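Today I want to look up how the chains sit against each other.

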Number of protein chains: 4
Amino acid sequence: MAGNSFGSIFKLTTFGESHGQAIGGIIDGCPAGLSIDFKAIETEMARRKPGQSAIVTQRKESDAVEFLSGIFEGVTTGTPIGFVIKNTNQKSADYTHIKDTYRPSHADYTYDKKYGIRDYRGGGRSSARETACRVVAGAIAKQLLKDIKITAYVSGVGELQLQKNYSEVDFSEIEKNPVRCADAEMALQMEAYIKEIRKQGDTVGGIVTCVLQNVPLGLGEPVFDKLHAQLGKAMLSINAVKGFEYGSGFAGTHLKGSVHNDLFNEDGSTKTNYSGGIQGGISNGADIYFKVAFKPVATIMQSQETINSEGEKVAMQGRGRHDPCVVPRAVPIVEAMAALVVADFWLLNKTAKL
Amino acid sequence: MAGNSFGSIFKLTTFGESHGQAIGGIIDGCPAGLSIDFKAIETEMARRKPGQSAIVTQRKESDAVEFLSGIFEGVTTGTPIGFVIKNTNQKSADYTHIKDTYRPSHADYTYDKKYGIRDYRGGGRSSARETACRVVAGAIAKQLLKDIKITAYVSGVGELQLQKNYSEVDFSEIEKNPVRCADAEMALQMEAYIKEIRKQGDTVGGIVTCVLQNVPLGLGEPVFDKLHAQLGKAMLSINAVKGFEYGSGFAGTHLKGSVHNDLFNEDGSTKTNYSGGIQGGISNGADIYFKVAFKPVATIMQSQETINSEGEKVAMQGRGRHDPCVVPRAVPIVEAMAALVVADFWLLNKTAKL
Amino acid sequence: MAGNSFGSIFKLTTFGESHGQAIGGIIDGCPAGLSIDFKAIETEMARRKPGQSAIVTQRKESDAVEFLSGIFEGVTTGTPIGFVIKNTNQKSADYTHIKDTYRPSHADYTYDKKYGIRDYRGGGRSSARETACRVVAGAIAKQLLKDIKITAYVSGVGELQLQKNYSEVDFSEIEKNPVRCADAEMALQMEAYIKEIRKQGDTVGGIVTCVLQNVPLGLGEPVFDKLHAQLGKAMLSINAVKGFEYGSGFAGTHLKGSVHNDLFNEDGSTKTNYSGGIQGGISNGADIYFKVAFKPVATIMQSQETINSEGEKVAMQGRGRHDPCVVPRAVPIVEAMAALVVADFWLLNKTAKL
Amino acid sequence: MAGNSFGSIFKLTTFGESHGQAIGGIIDGCPAGLSIDFKAIETEMARRKPGQSAIVTQRKESDAVEFLSGIFEGVTTGTPIGFVIKNTNQKSADYTHIKDTYRPSHADYTYDKKYGIRDYRGGGRSSARETACRVVAGAIAKQLLKDIKITAYVSGVGELQLQKNYSEVDFSEIEKNPVRCADAEMALQMEAYIKEIRKQGDTVGGIVTCVLQNVPLGLGEPVFDKLHAQLGKAMLSINAVKGFEYGSGFAGTHLKGSVHNDLFNEDGSTKTNYSGGIQGGISNGADIYFKVAFKPVATIMQSQETINSEGEKVAMQGRGRHDPCVVPRAVPIVEAMAALVVADFWLLNKTAKL
């Protein structure tokens with residue numbers, strides 16, 4: 001099926017191009033009776049918003065969400081929650097230079113080949129503006145999951161890798177620095193590096209770590225919809241993501257079973273957590289943690305050779321205001337997608353046993 | 001929804017516990033008119049089969065597939081393909097020692113907590129025996145995709161990492177060595193290492209690399225069902241998988257955009273392929289390649305302390321015949337899941353444009 | 001799953017309450033490359049619109065559709081088509097009298113019990129205003145199915161039953177009379193009867209017949225998603241529908257097989273069409289025809305005794321402007337839902353065989 | 001998607017042709033902890049079984065169900081329940097005469113056109129043998145819904161129509177007569193009539209009425225998955241069904257709103273039940289009742305002219321042992337499908353509100 005829905009019971013369907021009239025979505029299956037904290041939604045949107053700091057794109061986007069249905073007197077009614085975010089301040093003229101040109105490592109070429117047509121303005125549907133709708137829905141999912149703590153932060157920018165694991169850092173640092181790194185010192189280095197990259201007209205990739213705490217035992221639906229499989233899909237569906245690992249991840253492949261096995265305490269908790277809070281695709285009550293790899297943003301402020309739709313060589317250079325590094329703004333998106341996954345499995349798990 | 005179906009149009013639904021009467025599945029949505037090569041299915045099953053070499057489990061499992069419907073005179077009819085694989089030679093007695101015991105880093109504990117009951121014999125539904133059904137369906141999907149070449153091989157066992165990338169190795173080596181490494185020399189080292197590990201009564205993790213060649217342009221359904229997102233989910237749903245990366249993957253996060261961008265040739269192909277054959281979630285015609293991380297098998301032949309269902313400490317030691325390293329037998333499973341993903345998107349793409 | 005999506009490939013998801021800010025929807029899976037005739041969409045909306053004649057509700061509703069995405073320069077792009085219809089001229093004050101009252105044979109009581117909360121203004125989500133979104137999507141589906149002719153008309157109002165079958169009437173009459181009856185004479189009787197009913201402050205039920213012509217052979221997906229099963233669901237999902245029959249329908253139960261069997265002509269067509277154009281759940285190329293039964297509108301301009309949310313007896317009387325008979329305005333809704341079903345199966349059928 | 005799955009949470013997927021090796025299915029999403037009464041399943045199967053009385057087909061079919069998974073020590077484990085029913089005593093030779101012939105009002109022609117191939121033996125997938133799998137799953141759903149009483153009976157055979165409504169008949173009569181009519185006197189007439197029809201080598205249609213009692217308030221998912229819409233689809237998906245109506249049905253279209261409205265009692269129940277236990281698509285706690293119309297069986301023991309796959313005229317006559325009237329054996333199938341619908345919505349409703 002056309003891929004603009006996510007989730008089974010708590011289901012988000014989105015629409016919208018970066019330079020159309022609006023983007024938006026429908027959340028179907030949110031239980032009735034949830035008091036919506038609109039302020040909290042705005043806070044999440046502000047974390048994703050362009051222009052929030054000196055190291056992200058200075059583009060201006062309206063991220064004002066209008067809720068059109070499904071919430072009555074501040075409370076969800078069980079009917080679908082429709083919402084729109086208008087596209088304002090979009091200067092379409094900015095994009096005529098890419099009308100017939102395929103930008104390297106963008107989706108221009110593949111959209112054209114798949115659909116035979118493409119809204120070329122600003123990437124159209126393939127623009128990361130689409131992720132604003134994910135943040136809206138994720139913010140509501142977070143409110144549904146009020147006892148679960150979902151925390152993402154930047155743990156890598158280019159070669160700069162935070163060597164501490166999530167239990168060694170201070171989550172309260174995250175929102176204090178524009179990088180959203182969970183370590184103050186490393187944050188300074190990363191910030192400086194991103195500024196340097198921007199000066200070069202270049203971009204750089206990075207890594208976001210996410211931790212889910214207080215997730216109830218039992219979430220996840222083997223054998224295909226394992227909790228980490230759905231988390232992985234959720235993360236990989238975010239623009240620019242190239243990899244996902246949870247628990248011991250790729251490094252865990254180097255270990256022996258005698259080291260990697262998480263031995264039980266008498267209360268069912270485990271002494272170590274190489275499993276990453278999930279065993280057999282089902283949450284075991286321990287912290288769930290995973291890493292998401294983001295490639296460098298494709299739009300750079302340097303001239304590149306590329307082709308147009310006639311297959312002719314043309315030179316092009318990024319214009320406008322783009323992120324030199326996407327991870328600081330990806331943090332709330334990672335959290336939002338995690339919240340959508342957990343909310344869906346949490347609801348579904350109500351039917352697991354008599 | 002309960003998670004035992006995979007795919008939307010080409011859809012596999014499976015059932016079965018390792019020590020029940022049988023495992024099996026239903027493939028719905030396979031187009032009519034496909035001549036089935038049963039020999040080819042057997043070949044795939046043999047690649048997954050226990051006991052195939054000295055470095056895998058010596059357990060005996062029948063992997064004989066009986067097709068019950070959907071194929072008439074050797075050709076698919078468009079109706080659902082039902083199949084079963086009987087569980088023979090399963091000695092349930094082998095497993096009474098784990099009836100009330102939660103094996104470390106297995107799914108015993110989480111199944112018990114989620115469902116309140118568990119078929120403890122041999123892991124029940126959480127056993128990797130379930131993957132035999134994936135191989136059956138994948139073998140049919142491969143036949144549907146006859147022009148697409150799907151090749152997986154082992155590229156890491158513990159610390160032993162194949163440093164060559166997929167274009168530098170010889171695929172014809174893969175089936176010549178029991179490790180299924182694509183490099184003869186490295187295969188010998190890996191084999192020796194696995195034997196050493198087995199002697200220790202231990203296990204070790206590893207990495208499988210998979211390459212899809214000749215995939216048509218246009219497969220994948222943004223924004224949530226991006227080709228790589230669904231591939232990632234497919235891989236992460238396989239037992240013991242801890243990570244997935246495609247194209248430049250985690251290493252790509254270290255790169256700058258000016259390096260990472262894949263510049264176009266005039267025919268639409270690209271000079272480099274950091275994108276991994278997918279842009280914006282849609283195949284671009286280049287080779288698709290990805291890596292899958294497998295943790296060390298949890299069952300080790302060493303004594304471990306664990307707990308029983310009463311929360312009491314007990315000692316346990318793996319019995320029977322288990323894999324010291326899962327990756328050699330995971331190779332056909334990775335290929336099968338990749339085939340399922342591609343078959344589904346290939347069919348779906350027939351409706352993308354007028 | 002929450003039930004606000006319809007279809008699998010060509011999928012409509014809707015939102016909106018009658019007195020919220022807006023209603024709207026997302027059409028996902030419409031193939032790229034379809035030139036949209038916006039005028040034709042407006043025409044369909046006008047057929048459903050309140051106030052269009054003297055025998056329907058005189059309520060004023062804005063039915064202006066704003067398309068927000070998925071259409072670029074008049075052509076579908078393959079990305080989701082988002083649209084909204086603003087709720088204007090809704091006087092919420094009109095509805096405070098039903099805030100705590102359960103109107104007989106409305107959904108007030110069941111929504112309250114299911115969700116524990118309800119947007120009481122004008123029926124909220126259970127209002128037939130929701131069907132406007134179906135008409136929008138159906139109008140696009142019709143354009144996709146340009147060779148298929150979908151024609152609905154009123155064939156019964158109360159005791160007045162059109163005795164001619166669809167091949168004996170003149171479809172060009174339908175839009176010439178306010179009842180949308182396919183027979184001019186009967187239309188006059190029906191119109192007079194509806195006016196009489198309205199004068200009584202009462203309402204009456206009716207029947208809509210629908211005919212699909214030129215449907216290609218092969219649509220429908222046995223065994224559960226038979227073409228008529230999905231058509232039946234589509235129709236039964238429309239407000240006020242109580243029954244569905246196709247082909248020979250209930251009357252066919254009286255017949256013998258020797259009469260009912262449709263004998264073949266040499267070209268594969270049949271001499272009779274008791275089957276209603278569908279055999280085994282798959283279209284056979286003949287005309288598909290079916291009937292849809294609508295109950296009398298529940299809101300009447302007479303005093304009725306009912307209860308409030310405290311379980312106390314209260315008297316109530318319908319206010320405002322309601323339809324004395326729903327079928328004239330139901331005609332385009334029936335057509336729209338039929339179009340959605342056929343569009344979905346038409347796309348799906350592209351994957352039926354190699 | 002290929003249409004061999006039914007339900008969302010409690011989901012049945014089936015496979016199998018009438019003359020293949022076996023038919024069977026997978027029930028996914030049945031909650032863990034349900035003690036299975038296998039005897040009760042057999043009882044349901046026996047009600048559907050050929051040869052059970054003098055007025056049904058004397059064909060011999062094995063209906064022995066083998067459960068292969070998902071049930072451990074008699075209790076469901078939450079994993080998928082796989083089952084098969086072997087096809088024994090099927091004489092394929094019986095069917096060679098229809099290999100190249102399209103039987104009138106069967107699905108031979110449409111399957112051939114849709115799929116380009118067909119298992120012609122005994123109708124293949126389009127045979128009603130497939131419904132045995134529905135009865136298996138329905139029998140389990142009934143056990144899940146132990147407080148809900150689901151009762152179907154024959155209310156019409158040809159012109160013989162039971163004039164009493166469901167509250168005026170005695171359900172205990174149903175299983176006492178081979179017709180499964182809920183009225184002893186009418187049963188005798190129907191039985192005599194069916195015997196007469198059989199003597200003529202002919203067949204006749206009929207009607208099954210179904211009543212669901214003690215259904216909890218709140219089941220059904222507006223706006224598209226209304227309870228009656230899904231019930232309608234379920235019934236229309238059964239072989240030979242031509243119509244569905246619930247509550248006042250088609251007759252209700254003749255009524256005025258002032259008569260049809262169901263006025264409330266102070267406890268929320270209603271004085272009348274024209275609504276059929278469903279308002280706005282959601283169960284209201286009252287009895288749900290509906291009627292299902294079955295056409296006459298297409299296979300008759302009289303010579304009919306038809307065509308072969310070359311488009312040539314040929315004469316054919318039904319052979320073997322077929323039902324002169326399908327409704328007595330349809331009764332358990334109607335109940336089974338109703339149970340599947342209710343079980344699914346009952347589980348889903350656990351997520352409706354906080």
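This is a predicted model: local features need pLDDT of at least 70, side-chain atom pairs count only at pLDDT 80 or more; totals for chains, interfaces and linings use all residues.

**Entry 1: chains A and B, area.** I started with the area buried between chain A and chain B, which comes to about 8600 Å². Carbon and sulfur atoms give 57% of that. On the chain A side, I looked up who loses the most area to chain B: Lys114(A), Phe224(A) and Lys242(A), together 11% of what that side buries.

**Entry 2: A and B, salt bridges.** How many salt bridges are there between chain A and chain B? I count four. I zoomed in on Asp225(A), which forms a salt bridge with Lys233(B); their closest N and O atoms are 2.7 Å apart.

**Entry 3: A and B, strands.** In what sense do the β12 strands of chains A and B pair? They run antiparallel, over three bridges, and β12 covers residues 241–246 in chain A and in chain B. Within that pairing I found Glu245(A) opposite Gly243(B).

**Entry 4: chains C and D, symmetry.** I moved on to chains C and D and superposed chain C on chain D: a rotation of 180° with 0.0 Å of shift along its axis does it, at RMSD 0.0 Å. The two copies are therefore related as by a two-fold rotation axis. I also checked which residues each copy uses: 100% of the interface residues of chain C are interface residues in chain D too, so the copies meet through the same surface.

**Entry 5: C and D, the interface.** I got 112 residues of chain C in contact with 112 residues of chain D. The pair buries about 8600 Å², 57% of it on carbon and sulfur atoms. In chain C, Lys114(C), Phe224(C) and Lys242(C) lose the most area to chain D, together 11% of that side's buried area.

**Entry 6: C and D, close-up.** I found four salt bridges across the interface of chain C and chain D. One I looked at joins Glu221(C) to Lys114(D), with the closest N and O atoms 2.9 Å apart. Strand β12 of chain C pairs with β12 of chain D in the antiparallel sense over three bridges, and there Gly243(C) stands opposite Glu245(D).

Key: Residues are numbered from 1 along each chain as its sequence is written. Chains are lettered from A and ligands numbered from 1 in the order in which they are written. Side-chain values use heavy atoms; hydrogens and water are left out. Buried area is the accessible area (1.4 Å probe) that two parts lose on being put together, summed over both. A salt bridge is a side-chain nitrogen of Lys or Arg within 4 Å of a carboxyl oxygen of Asp or Glu. Two strands pair if DSSP finds at least two bridges between them. Helices (H or I, at least four residues) and strands (E, at least two) are DSSP runs, numbered from the N terminus. Copies are superposed by least squares on the C-alpha atoms of residues with pLDDT of at least 70 in both. Contact means heavy atoms within 4.5 Å.
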